[in-house]
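Me: Please walk me through the model below, and spell out the cut-offs as you go.

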Amino acid sequence: MNTLTVTALEAGYGNAPVLHDFSVDLPAGTITAVLGANGAGKSTLLKAISGLVPRTAGSVVLDGEDVSALPVEQLMPRGLAHVPEGGGIIRELTVTENLRLGGSWRRGATARRTTELAVAEVLDLFPGLAKRREALGHQLSGGERQMAALGRALVSRPKALLLDEPSLGLAPSVVAQLLAQLAQLRDDTGLTVLLVEQNVGSALAIADSALVVALGRVVARGAASELRGDEAIRHAYLGY
Amino acid sequence: GCGGTSGDATAGAPGVTEDTILLGSTQALSGPAAPYAAIGKAMTAYFDYLNEHGGVHGRSIELKIADDAYNPSNTASQTRKLVLQDNVFAMAASLGTPTVSAVSDFLTQNKVPNLFPTSGSRVWNQPDKHPAAFGFSPNYTIEGKVLGTYISEKFPDKTVCFFGQADDFGADGLAGLEKVVKVAQKQEYSPANTDIAPQIGALKSAGCQVTVSFTTAGFSALTLGTAARQDFKTQWVFTGSGFDIPTLEGFLKEDTIELTEGAITSAYLPVSTAADNSWIKLFKEINQDYNGNARFDFNTVYGMSVAYTVAQALERAGEDLTRDSLVDAVAKGGIRGPMLTPFQYSEDNHSGASGTQVYVARAGVLEPASPIYTTDDGDGDVVESTTPPAEAPQDGLPQ
Amino acid sequence: MDRFVFLTVNGVALGAIYASVAIALVIIFRTTRVLNFAQGAMAVASAYGGMAVIEYSGSYWLGFTTALVLGGALGAAARLTVFRSADRQGHLNPIVIGIGLLIVIESALAIAFGPTERHLSTAFSRDLLHLGGTALLSRQDLFTLLAVGVVMSLLAWTLTRTRIGLQMRATAFNPVVARLHGIKVGHILTLGWVIAGVVGALAAMLVVPTGLGLFPQAMDLVFVLGFTSAVIGGLDSLSGAMIGGVATGLALSYASGYLGSELTYVAAFVLLLGVLLLKPAGLFAGTTARSV
Amino acid sequence: MLKGSPDSGLSVSGVTVQFGGLRALEDVTLSVPPRSVVGLVGPNGAGKTTLFNVVSGFVRPSAGQLTWDGHPFHPKPRRLVRQGIARTLQDVGLFPHLTAVENVMLGRTTQRRAGYVSSLLGLPGSARDERESRRISTEGLDRLGVAQHAERQASALPYPVQKRVALARALVTRPRLLLLDEPAGGLGAEDFEPLAELVKSLPGDPDSPCSVLLVEHHMDFVMGVCDQVVVLDFGRLVAAGTPSEIQSDPAVAAAYLGIDPTDIEVDAGTAVTLTEEPA
Amino acid sequence: MLQIKLVRHGLLTLAAAAVVALLVLQSEDVSNFEYIQVAAYVCAAAGLTLLIGVNGQLSLGHAALMAVGAYSAALYLRSGSEDSLASAGDLFVALLVGSVTAAVVGIAVGAVAARLRGPYLAGATLALGACVVGVTTYFDHLLGGDQGLTMPLTEVPAPLSAALTSYQWSALVSLGTALLVLFLLTNLKYSPVGREMAAVRDHEVAAQLCGLSVARVQINTFVVSSAAAGAGGAILGVLYLQIASPGAFTLFLSIYLLAAVVIGGLGSMRGAVIGTVIVLYFGRLIEDRVAHLGLSTAQTDRLAAHLPLAAFGVLLIVVMLAVPGGIQGTLGRIAPRLLQLMETVGGKK
Ligand SMILES: Nc1ncnc2c1ncn2[C@@H]1O[C@H](COP(=O)(O)OP(=O)(O)OP(=O)(O)O)[C@@H](O)[C@H]1O
Ligand SMILES: Nc1ncnc2c1ncn2[C@@H]1O[C@H](COP(=O)(O)OP(=O)(O)OP(=O)(O)O)[C@@H](O)[C@H]1O
Ligand SMILES: [Mg+2]
Ligand SMILES: [Mg+2]
């Protein structure tokens, strides 16, 4: 079954459409990489799915439920987490508070405990972050911010995760670690990921399938391994 | 509406026609000084009464009130509008010292009579510089001298202190007081700061036995309340304009009688609680019939009194009304009205009335405690007034 | 010495009042990043409601409660009407909108209740209590200190220790990210306004009886001093607002007592400058932001 | 090469920086010789940007000295360009409401001759000054291939163009040392090549030769352009040498490249190899 | 480019001056008197526009700087012989004195302001604005306390006295000064100096890395802005109020100036003019409309007294909600579209 199904999506800013007839299926427990040049519309795709950019047509189905009409704030409780470009760490909150934010939508008696547990897990996952848990967001280095942002999304225990260039500004070791952990989460918990990356090689290494975007349209899609081997696509769209 | 009057110069003077006289006045209808708006209303009420009873020389008086919110910038523009656009004949009882000061040069330049600004300042008495401006109430220096005289007779050996607003109001009052008695301790307050506890505390520690307070009504109430709270017992002496019992009642409510008991004040007009006074009777009737039975307090008495006096000046100026004839009529002297003492108007004195009477508050009513005194704002003696106050005319119309 | 003690106590009692205004401003600022210039006017409007109920029913506490409820309602109403879109428009538009609202409210109050001062009673007696011979504070002063202290602690606890508090802070700093995390930003903002409205109304109920009484502009200058207090404390800090309020109260009391009443605002200004020159983001500012 | 002992470049010795309880840099010593490109690499939070902040005067070290042009150096951000050092920021740092060319013109602030008076009065002298500055700035944009965006507002430019405008702004100051903080961050692979060419050409530039200190996480970029590479980890300098020496240093591999089979999975290893594969 | 811009707005200023002269000569005394106020506010609003819009520093205390202008002009004029008229020369010097003194005060305020950001700056300047009354009362022997300092009237210079009424003369001087201020500030805004102000507003760190001293740029801007406010204050005091008194320079004046700047459209000198005119005239127009609703005075006088002000408040809110970018920005956005619309409509015909 698909965790996330996006069908015939059209979206843009003001009266400038960016995405055209965009469809993508995310089977449960898979990682799908979205590749493409700067300005191709990758970030816009994620924003349109989570509702940050208004959709003019098409539908988004999350875990069997049509969420196209729901406002942004109702998606995280339904299992969709979006880590925006740059991470969106709140500069004035501490690392721990930022992480707790990922669980602040939970209500009820066990909410607090569940969140604290998830926060602890994330700090285990990123030991670098654990050392800086009382630091404010603005004090963090670029890489620490990315880790905190990903960690915060994980605290919500999402079914589907939209990740926008998580490797931006990260050291190779961290990128490797991060992606490895993503793959691990997919395998262990069945997490479904839509991963936007400039870092084509790394992305394809962990992705199950991938699509290539140009000018707001899907120009190629397939299993990650196929795309990795496809010389023509590599030259035309991936720039190496 | 005043549409018909402007520019119609049949009678030779701006704002005057066969059957109307247009007067202008700037008042604080909005903003923090808006409580004084009652003065303008009382003036209008008196003119309505007058107009219904024949007006002045067959002309009815229209009073155009413009709101300046007690901001001199607005006074400047509103007064120009009244003079240049509406062509008012004269200005009557505009409110405030800083506000009217901002237009006195303009009015003089345009030869517009500036009758009776509502202010106890001495600045209106400058016949050389402002030949068409006349004060109304006794200035605060006169009041200070009278109160000082009373204190020196009644409480000869007590420590006398002073509490006043940190501007000319307080300074002029203190100047008058100091001409007569020695002041042991002086404290000032700024109207922008309602915490006067430090000042009252200082007066208390100075051991003040008699405290003269030149405060506006709100601050008089605050003074009494703060002193009571600090257990500061003194003989209070208040300036008349800040000690009108109905006004204080608005602030002090059920504590009014207790807190005001025994306090001394002075008055230059019949006090609003003097039920038997002929003027008060007249004004109460007018208040009932023409002013929607508004709260009958100092402002009401003041407004009607000044309106009466303006009407009297117009009456005396005669049938052929011009600005010069109005100024001459006032400067000639002889105008009286409800004022307890005569005005001092002459060619070279444009200050208003010259004296006041001392009162004591007893059970929420002001009772006379001295003869009527007069003096000047210089070094002249404080003497008993020789002319008794005028009675209100039977018909309430200016003589 | 006696005078010093007297002025100090007087300053603290005054300061508690400025602190309550400061807290109201800080709450809105912390949750919406809006400086609400209509805060004072809204508080006065609530106090008028309270006064009307006290006059009608004769019960102070009924009126007091009414004022607080009204304050909350006005806060919600302001946020849901004129300030609705203001969240998204930088910090200047809301200031102008606040000024417009201030003018409208004050005029409306003058129309409804007249421009003259109205009497507003206090919860407790304002007569000074004698403690070992010297009279320092009244029951009402104690009530003020207690009320402001309780409100401050309650709010501080809510903001730092609860889920809603975290949501409020996240919303203030980054509404988009907050929405992504399932926070109903609109509701949170409204909640901030409601709380500020209630605290503002409390401030008005405490401050008005100490002044000339209730009139439409009764809180104008108190607002300026409350704002000063909030800035001294650091606009993001509730305890800062409290300390800032007391510091302002003391500065005013000393200036008025030792130098002259006309210098009170100058004293507030000098205090503010002094603090800001040493700590440009207020006494309780967090660590200075990393800029690069 | 104006004054001092011209060929001594920048050197940093024994620099330590403390933020509260966190030691961001500890006894770091390195130098940037003239006409060289030095790469500064290390894991996130290692202190690379902090070191830049020390060199550009935003952070005062608690210990250590700097020398520049053979003189002891106490940097202040606003004096930097006058002393021949330019810096780009990790987050681009353009003036969003100004146009691209205005952004670059601000790089020439220190050459402005027109003062307040002539600016107030709009005197012709100031207009001439302005024309000259605009010409130079447009050339600067052209050198980076973005002259066609000159009149667009900076905030509306695509990210790669913004990065180039920022670089142009740094270059028009005619620096002798350029500090580049993640110049390739966020750029697609297609933009790497021209950027690398540019950076490589700077030390040999005939009219204003300029050495470069750069922080970058894209290892292929770093290896391609740098003469020397310095590795920081937890604020400490752990290795320095030529790119090939660094790549073969096992400590570096563990600390930075993440090739440590014991705690990272096979997939991750592949990821790293892949990043290194092209170029 | 730049030169064209400079020449263009030099010409524009001349054209505006001609229009203004015609307007003044055509107008009644009352209108001319109001132009003086408009001119005074425009000067201050233009200065505030530079400060807020171009440099990004907020001031809620510009009325205090206007007060400095008014008082210093008053002190200068009163230093001459007491009762005589002030000559045209004295008048110009007084305006200059007002402007320069305010600029000097602006150095001190600006030095403090340069350390503060956003709401902290707002708080500090608001508190500054609240000091005017205190300072004038405390130094009442010098500044006349609550009543202020009256000023000598100014005379129309002899060669013009036959042709101009004193109001026309005052309006010409005031509006001329305002145009000069607008001209100078516009020059500054489009000069390298103006660009540096904008750079500091947009990104302080990057500005430093371009070799700018953020504090110095901010202080300089504050000084220029104060000088403009001082000129406005001097005009208001000398030519409009003919008195310098604290009641005219309240917090509300500062706030009205801010409203004018924001309503007009931040950062645009034309916006400052439009905003001022709206705040002054449109506000008054509504007030007059409301005042003429024919509310009977007896029962509804409270309504009649306060409705105009309420209407003004509503105006501020409505303008801000309808055109959040300010009028000038909206005109800028609408005008090309209107043109386009007209073209397409024309094309179809
Ligand atoms: N807020 C915005 N307003 C208007 N247009 C925008 C906005 N954000 C992005 N765009 C435009 O939408 C298009 C797609 O942008 P998007 O950010 O989705 O690209 P991307 O593929 O994520 O690129 P990058 O790799 O640089 O992040 C671009 O042409 C961009 O200019
Ligand atoms: N102003 C500051 N206050 C507190 N901590 C700081 C500050 N600046 C940096 N740090 C801390 O110092 C450490 C080094 O930060 P720095 O930004 O130099 O790292 P970096 O090497 O540039 O990392 P990245 O590659 O992720 O950008 C980090 O842990 C960061 O949180
Ligand atoms: Mg993107
Ligand atoms: Mg960094």
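Predicted model: local features only at pLDDT ≥ 70, side-chain atom pairs only at ≥ 80, totals over all residues.

Me: OK, which residues are the closest to ligand 1?

Reply: Ligand 1 is surrounded by 13 residues, the closest being Gly39(A), Ser43(A), Thr44(A), Glu85(A) and Gln198(A), where a residue is taken as near if one of its heavy atoms lies within 4 Å. The side chain of Ser43(A) has an N or O atom 2.6 Å from an oxygen atom of ligand 1, and a polar side-chain atom of Gln198(A) is 2.7 Å from an oxygen atom of the ligand. Gly39(A) contributes through its backbone, with an N or O atom 2.7 Å from an oxygen atom of ligand 1. The protein buries 62% of the 630 Å² that ligand 1 exposes when taken alone; such areas come from the Shrake-Rupley method with a 1.4 Å probe, and for residues only the protein chains shown count as cover.

Me: And by class, what does the shell around ligand 1 have?

Reply: The shell has four nonpolar, six polar and three charged residues, with Ala, Val, Leu, Ile, Met, Phe, Trp, Tyr, Cys and Pro counted as nonpolar, Asp, Glu, Lys and Arg as charged, and the others, Gly among them, as polar.

Me: What coordinates the magnesium ion that is ligand 3?

Reply: Ser43(A), through OG, and Glu85(A), through OE, coordinate this ion at 1.9 to 2.6 Å. Donors here are N, O and S atoms within 2.8 Å of the metal (3.2 Å for Na, K and Ca), and because water is not among the atoms, sites may look incomplete. Ser43(A) sits in helix α1 (residues 42–50) and Glu85(A) in the loop between β6 (80–83) and α2 (95–101) of chain A, so the two tie together parts that are 42 residues apart in sequence. Those elements are DSSP runs numbered from the N terminus, helices being H or I with at least four residues and strands E with at least two.

Me: Switching to ligand 2, residues from which chains surround it?

Reply: Chains A, C and D supply residues around ligand 2, so the site is shared between chains. Of the 21 surrounding residues, the closest are Arg132(A), Gly143(A), Arg290(C), Thr49(D) and Thr50(D). Taken alone, ligand 2 exposes 640 Å², of which the protein buries 93%.

Me: Which protein donors does the magnesium ion ligand 4 have?

Reply: They are Thr49(D) (OG1) and Gln90(D) (OE1), 1.9 to 2.6 Å from the ion. Thr49(D) lies in helix α1 and Gln90(D) in the loop between β6 (85–87) and α2 (100–106) of chain D, 41 residues apart. Thr49(D) is buried at 11% relative accessible area, while Gln90(D) is partly exposed at 27%.

Me: New topic: which cysteines form a disulfide?

Reply: Cys161(B) and Cys208(B) do, with sulfur atoms 2.0 Å apart, and a search of the whole structure finds one disulfide over all chains; the criterion is a pair of cysteine sulfur atoms within 2.5 Å. The torsion about their S-S bond is about -85°, so the disulfide is left-handed. Both Cys161(B) and Cys208(B) are buried.

Me: How far is the sulfur of Cys226(D) from the closest cysteine sulfur?

Reply: The distance is 13 Å, to Cys210(D), which is too far for a bond, and Cys226(D) counts as buried at 7% relative accessibility. For Cys210(E), the closest cysteine sulfur is in Cys210(D) at 15 Å, again too far for a bond, and Cys210(E) is buried at 3% relative accessibility.

Technical notes. Residues numbered from 1 in each chain as written. Chains lettered and ligands numbered in written order. Heavy atoms only, no water. Polar contact = N/O pair within 3.5 Å; in protein donor to acceptor, adjacent residues only side chain to side chain. Buried < 20%, exposed > 50% of the residue type's maximum accessible area, 1.4 Å probe, protein only.
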